[in-house]
Amino acid sequence: MKKFTCVEDIGDLRLAVAEAMVVKRDRFAFTELGKNRTLLMIFFNSSLRTRLSTQKAAMNLGMNVMVLDVNQGAWKLETERGVVMDGDKAEHLLEAIPVMASYCDVIGVRAFAQLNDRVEDYEERIIEQFIRYSGRPVFSMEAATRHPLQSFADLITIEEHKTKERPKVVMTWAPHPKALPQAVPNSFAEWMNATDYEFVITHPKGYELAHEFVGNAKVEYDQRKAFEGADFIYAKNWSAYAGADYGKVLSTDRDWTVDADKMALTNDAFFMHCLPVRRNMIVTDEVIESAKSLVIREAENREISAQVVLKRILENLK
Ligand code: CP
């Protein structure tokens, strides 16, 4: 594997999940693979799970790990080519990338959407520059449009808990006070569409995701109807994608909060969320604390998804 930014990069999902199970059975079986190899993780945005799980995965593989928080202690980085750098940004990404690449073998990048300019965000300008100019394998630790390590962990979690071959998986929008990117829902939709699950997306009007991510999923605007018979409820907030509303919060309607009343409409569904989650906005205390909540299992599987991706990258370096 030379890069990991989307579902296509992982190839056959059944093989990927099978490999995840091998890694999970013995996460220290491949400790020689990363010997004398260095992972550099670069964060343009905050993280708890991605930072710790990816570092742990790399350590399980015997790698050395360096972490750079761009906004804490590094020079402020300019990301646009052609600008006159007379502001507060002291260094350009075009120099910083090859310099950082010279110190490592593999690069992970977290760079969220800015939510100002849809074209700019959906061109993935930051991670694409790392892929183009680093000369190193690059993987996404959540970029502007996708969060594939999260989606892979979510898929592993569903495969571990499903009780039928083709479960009904419902991704529901839920309210949040701040504007959040579409990366997690885009990515989850992309991965679910690559399975043969029944996949439904429900959200208020105005929150339609890009067609390339919705794919063949059924879109149901009535949340309660969408929940009927569901085996998995995947909750997430996202800001508007469409036109002039791009990046805006159109509603914080708590009628969309996932609660026990709505979960009762499902087929005793599991509840999922990538975390961090705003309790009693996205989901009630009762639901997230219930026996059917998989939020901690998903987070645990972040170590596994990261380890499969790093393992494949390291195997390709040999
Ligand atoms: N789910 C997830 O990526 O969590 P962090 O933002 O804490 O890394």
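Where is Thr 195 found? Thr 195 sits in the loop between α7 (183-193) and β9 (198-202), where helices (H or I, at least four residues) and strands (E, at least two) are DSSP runs numbered from the N terminus. This is a predicted model, so to speak of local features takes pLDDT of at least 70 and side-chain atom pairs count only at pLDDT 80 or more, while totals for chains, interfaces and linings use all residues. Residues are numbered from 1 along each chain as its sequence is written, and side-chain values use heavy atoms, with hydrogens and water left out.

Back to Thr 195: a polar atom of its side chain lies 3.1 Å from the backbone nitrogen of Tyr 197. Leaving aside neighbours within four places in sequence, Thr 195 is in contact (heavy atoms within 4.5 Å) with Leu 13 and Leu 155.

Those two leucines also turn up where helices α1 and α6 meet. Two packed helices are described by the angle between their axes and the distance between the axes. Helix α1 (residues 13-25) packs against helix α6 (residues 148-161) at about 80°, with the axes 10 Å apart. Here, axes are lines fitted to C-alpha atoms, for helices over the stretch in contact, and angles run from 0 to 180 degrees between N-to-C directions. That makes α1 roughly perpendicular to α6; the labels are roughly parallel for angles under 35 degrees, roughly antiparallel over 145, roughly perpendicular from 65 to 115 and oblique for the rest. From α1 come Leu 13, Ala 16, Val 17, Ala 20, Met 21 and Lys 24, and from α6 come Phe 152, Leu 155, Ile 156, Glu 159 and Glu 160. Sorted by type, the residues of this contact are 8 nonpolar, no polar and 3 charged (Ala, Val, Leu, Ile, Met, Phe, Trp, Tyr, Cys and Pro count as nonpolar, Asp, Glu, Lys and Arg as charged, and the others, Gly among them, as polar).

Now for the ligand. The residues surrounding the ligand include Ser 47, Thr 50, His 147, Gln 150 and Cys 274, a residue being near if one of its heavy atoms lies within 4 Å. This shell divides into 3 nonpolar, 4 polar and 3 charged residues. An N or O atom in the side chain of Arg 49 is 2.9 Å from a ligand oxygen, and a polar side-chain atom of Arg 110 lies 2.8 Å from an oxygen of the ligand. A polar backbone atom of Leu 275 is 2.8 Å from a ligand nitrogen. Leu 275 is also joined to Pro 276 by a cis peptide bond, with omega about 0°, and Pro 276 lies in the loop between β12 (270-272) and α11 (285-288).

Finally, Asp 69 is found in strand β3 (residues 64-69). Not counting residues up to four places away in sequence, Asp 69 touches Phe 43, Arg 51 and Ala 74. Its side chain makes a polar contact with that of Arg 51 at 2.6 Å (a pair of N or O atoms within 3.5 Å; within protein, one must be able to donate a hydrogen and the other to accept it, and residues adjacent in sequence count only if both atoms are side-chain atoms).
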